[in-house]
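Please look over the chain below before reading on. The briefing covers fold, core, salt bridges and surface.

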Amino acid sequence: MHVECLHPQDVGRFAELGVVACMQPRHCAPDVAGPGKDWAEGVGEHRWSHAWAFRSLREAGAKLAFSSDWNVAEMNPLAHLYTAVTRRAPDGGDAWVPGQTIDLSAAIEAYTMGSTCANFVDGDRGSVTVGKYADLVVIDRDLFAVPVEEIKDASVDETIVEGVTVFRR
């Protein structure tokens, strides 16, 4: 289910019913949908705290699946990871609804195992595991070892699909 603004009473129902919450992290940045933007104004300030409720859903036991949903925002998953952990625009500034951030491990899990679960292919994709497809990227830095502000500046050094390098920088 594509989730943007969720009533608090429905948060627990996702895990209870086994519904995967499909969300696009970059959408919750203030420069895309925040104050002064059409989305935020249309939903109303009284509902902003329920926007892209990553943390609430995860804490309630729901499975998160992240994607890019182009052309609303750029397709770069690294920009989306940055937004998921900061709720800020790429140029920094104040976070919008910072209480719904999640940590980097949870964001990567949502992009990998969460998305494969949503597509019913988690048995052979989504993790680096013997017997699964070897589709992965090599990033130019350890995202867990740098300040979160650097996540958005990272780039892909290599892309491997079915065990074959298809891109190398």
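What follows is a short briefing on this chain, grouped by topic.

This is a predicted model, in which local features need pLDDT of at least 70, side-chain atom pairs count only at pLDDT 80 or more, and totals for chains, interfaces and linings use all residues. Residues are numbered from 1 along each chain as its sequence is written, and side-chain values use heavy atoms, with hydrogens and water left out.

**Fold and dimensions**

- The chain holds six helices and five strands. Helices (H or I, at least four residues) and strands (E, at least two) are DSSP runs, numbered from the N terminus.
- In sequence order, the pattern reads α-β-α-α-α-β-α-α-β-β-β.
- The chain is as compact as a globular protein of its length, because its radius of gyration is 16 Å, close to the 15 Å that the globule rule gives for 169 residues. That radius is taken over C-alpha atoms, and the rule is 2.2 Å times the number of residues to the power 0.38.
- The C-alpha trace spans about 50 × 40 × 30 Å along its principal axes.
- Among contacts with a separation of 6 or more, 60% join residues 24 or more positions apart. Contact means heavy atoms within 4.5 Å.

**Core**

- Of the 169 residues, 38% count as buried. Buried means under 20% relative accessible area, exposed means over 50%, and partly exposed lies in between (1.4 Å probe, protein chains only).
- The largest nonpolar core has 35 residues. Such a core is a set of buried Ala, Val, Leu, Ile, Met, Phe, Trp, Tyr and Cys residues joined through side-chain atoms within 4.5 Å.
- M23, W52, F54, L57, L64, F66 and W96 touch the most other members of this core.
- Elements giving two or more residues to the core include the helices α1 (11-17), α5 (77-86) and α6 (104-118), along with the strands β1 (21-23) and β2 (64-66).
- Beyond its neighbours within four places in sequence, L64 contacts A21, M23, F54, L57, R58, I102, A110 and G114.

**Salt bridges**

- The whole structure contains twelve salt bridges. Each is a side-chain nitrogen of Lys or Arg within 4 Å of a carboxyl oxygen of Asp or Glu.
- R26 pairs with D31, with the closest N and O atoms 2.8 Å apart. R26 is buried, at 5% relative accessible area, while D31 is partly exposed, at 31%.
- R26 also bridges to E74, with the closest N and O atoms 3.0 Å apart. This pair links distant parts of the chain: E74 lies in the loop between β2 and α5, R26 in the loop between β1 and α2 (30-33), 48 residues apart.
- E74 is partly exposed, at 31% relative accessibility.
- E150 and R141 meet at 3.4 Å, N to O. E150 is partly exposed at 30%, and R141 is partly exposed at 25%.
- D140, R141, E150, D157 and R169 are linked in a salt-bridge network.

**Surface**

- The chain exposes about 9100 Å², and carbon and sulfur atoms supply 52% of that area. Accessible areas come from the Shrake-Rupley method with a 1.4 Å probe; for residues, only the protein chains shown count as cover.
- V161, V164, V166 and F167 make a nonpolar surface patch of about 330 Å². Patches are made of residues with over 30% relative accessible area and no salt bridge; like charges are joined within 9 Å, nonpolar side chains (Val, Leu, Ile, Met, Phe, Trp, Tyr) within 5 Å.
- Strand β5 (residues 164-168) gives the patch its largest share, three residues.
- F167 is found in strand β5 and is partly exposed, at 38% relative accessible area.
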